[in-house]
Amino acid sequence: MENDRTRNPFDLRDWLKKADEMGQLRIANGADLKYEIGTITEINAAKAGPAIIFDQISGYPEGYRILTGSMLNAETFGMTLGIDGTMGNIELVDRVAEILRNVATESKNYPMEYVEDGPVMENKLVGDDVDLNAIPVPLWHELDGGAYMGTGTWQVHQDPDTGWVNLGTYRVQRFGKNIAGNYISPGHHGHIIRQKYWDRGEPCPVVMCFGAHPLFYLMGSSDVPSGVDELTWAGAIAGKRVPVIKGPVTGLPIPADCEIAVEGYAYPDGTMLEGPFGEFTGYYGGGEKQEHVVQVKALYFRNQPILLGSPPNRPPNDMSYQFTVMRSAAIKEALSKAGVPDVKSVWVAEAGGGRMWIVTSIKQRYAGHAAQAAAIACNCQAGALMSKYSIVVDDDIDPSKMDEVIWAICTRTNPVDDIDILRQCWSNPLETMITTEDKREGKLYISKAIINACRPYHKIHEFAPVSQSSEKLLKETLDKWGFLFK
Ligand SMILES: Cc1cc2nc3c(=O)[nH]c(=O)nc-3n(C[C@H](O)[C@H](O)[C@H](O)COP(=O)(O)O)c2cc1C
């Protein structure tokens, strides 16, 4: 499209213009940082609404803004990835899976591009001048332990052994002027890389970004395999190398067009009480506990900066749709890479936080095909963490339609035969069913149920026929009588 060529694919402000043109942007002036912005965001997310810009925030100059609801529906989600047109969820997942497949090979052609300067450096607060209070940050939920600056956020870590640059979305609590609380769950790449620095006796350098084009947030919050540099993926998706500035303090890359970024260090002995925080499971499950903090050495922001907020809470929430679509696509891709044939579609329900309930539909080709698909779906990198139910259904079932999935479970399973349990699987402290005592002892395991809701393969042709009009009969009837249903 003509217009798009004039747009910067990494600039949030260009993203906002496009959202506005699509009728997917609302402005809310004067909402309160204490709970009001959070509650508006929660109501909007439950309705899969448009993006909302909060401006005229008390105590801050006009133009210091907060954006939420950036990817609550197929239109805004698709636009973020450069997908045009209206489509249903399953088609969107297929398009995203296709993008992920291409990007895996294309990304090598899109290394970061180092530039000298960029909008993010319009304002710099360095050393003793750092003050995170310069940016308006909501108290999102009533029981939160503080203001969470990092929700639609992502941070940059660099592996000291290999030089690999990782993007990860990990929540960030603001502790005063220059300290940021940082919960990173065990097994996540930021956690592994941080530990490598500490094992060498060095502080871990980090860049945290708090506002940018949502594509970066999408990349940071996607469970891509270890060794993948998400900045090159963002470049391959946008068809343009990501311009980055070498951070003056840490040397880490800072995307030049982002709105707000900090540089700092995490030290092995630096912890503070972090949380509670309303989490993606729909609970304050992690509670309040000691977590590592980042000592912030520099804060950079654009004139009239925009914080990207994406607070979790009981799903569906501000982050669950994007989590669901990305994870569904990533699992579909992983099944294909693992050699599982004829996977029709995958849907990871928003009600399960976009993690816990995975449904895979397949065209069964051999005995054991269904169990193979379900076991891999919930244990590939994208589907492993905190997943609890992996359901496999035949290809006549749309996995995103709960009524169809429940019907398949009710009519194509015998619970004693068709439910298997995997024990001691990958979980984390946010899991509500792990006791506080077990969390303290590091027993961060959960079991998973595999539900085979496909017709038994060995008698698939003898299975009772479905009592529903054939497609041909439905079409003929609707052609004649469709006016009754308008
Ligand atoms: C809004 C939002 C908040 C998140 N918060 C955290 C968090 O606080 N800690 C964490 O470890 N993962 C969090 N995640 C999940 C990770 O971002 C996600 O699993 C990501 O793939 C991790 O990146 P990594 O695999 O490179 O470590 C969050 C995701 C979203 C969308």
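**Helix 10 and its cover**

I looked up what lies over the buried residues of helix 10, and the cover includes helix 9 (320-337), strand 17 (343-348), strand 18 (357-362), helix 11 (381-384), strand 19 (389-394) and strand 21 (445-453). Here I take helices (H or I, at least four residues) and strands (E, at least two) as DSSP runs, numbered from the N terminus, and I call two residues in contact if their C-beta atoms, placed from the backbone, lie within 7 Å. The buried residues of helix 10, which spans residues 369-377, are Ala370, Ala373, Ala374, Ile376 and Ala377. A residue is buried if 20 or more other C-beta atoms lie within 10 Å of its own, exposed if 12 or fewer, and partly exposed in between.

I note that this is a predicted model, in which local features need pLDDT of at least 70 and side-chain atom pairs count only at pLDDT 80 or more, while totals for chains, interfaces and linings use all residues. Residues are numbered from 1 along each chain as its sequence is written.

**Helix 5 against helix 9**

I then turned to helix 5 (residues 89-106), which packs with helix 9 at an angle of about 60°, the axes being 8 Å apart. Axes are lines fitted to C-alpha atoms, for helices over the stretch in contact, and angles run from 0 to 180 degrees between N-to-C directions. Helix 5 and helix 9 are therefore oblique to each other, given that angles under 35 degrees count as roughly parallel, over 145 as roughly antiparallel, 65 to 115 as roughly perpendicular and the rest as oblique. From helix 5, Leu92, Val93, Val96, Ala97, Leu100 and Arg101 meet Val325, Met326, Ser328, Ala329, Ala330, Lys332 and Glu333 of helix 9.

I found an open sheet of four strands in the order 1-2-3-16, with mixed pairing; two strands pair if DSSP finds at least two bridges between them. Strand 1 (25-29) and strand 16 (306-308) are at the edges with a single partner strand each, so one side of each is left without a neighbour in the sheet. Strand 2 (residues 51-55) and strand 3 (residues 65-68) run antiparallel and are joined by three bridges, and isoleucine 53 has leucine 67 of strand 3 as its bridge partner. Helix 3 (residues 36-46) packs on this sheet and touches strand 1, strand 2 and strand 3.

**Strands 4, 12 and 13**

Lastly, I followed strand 12 (residues 243-246), which pairs with strand 4 (residues 113-114) in the parallel sense over two bridges, glutamate 113 standing opposite proline 243. Strand 12 also pairs with strand 13 (residues 253-255), in the antiparallel sense over three bridges. Their hairpin has six residues between the strands, and glycine 251 takes a positive phi near 80° there.
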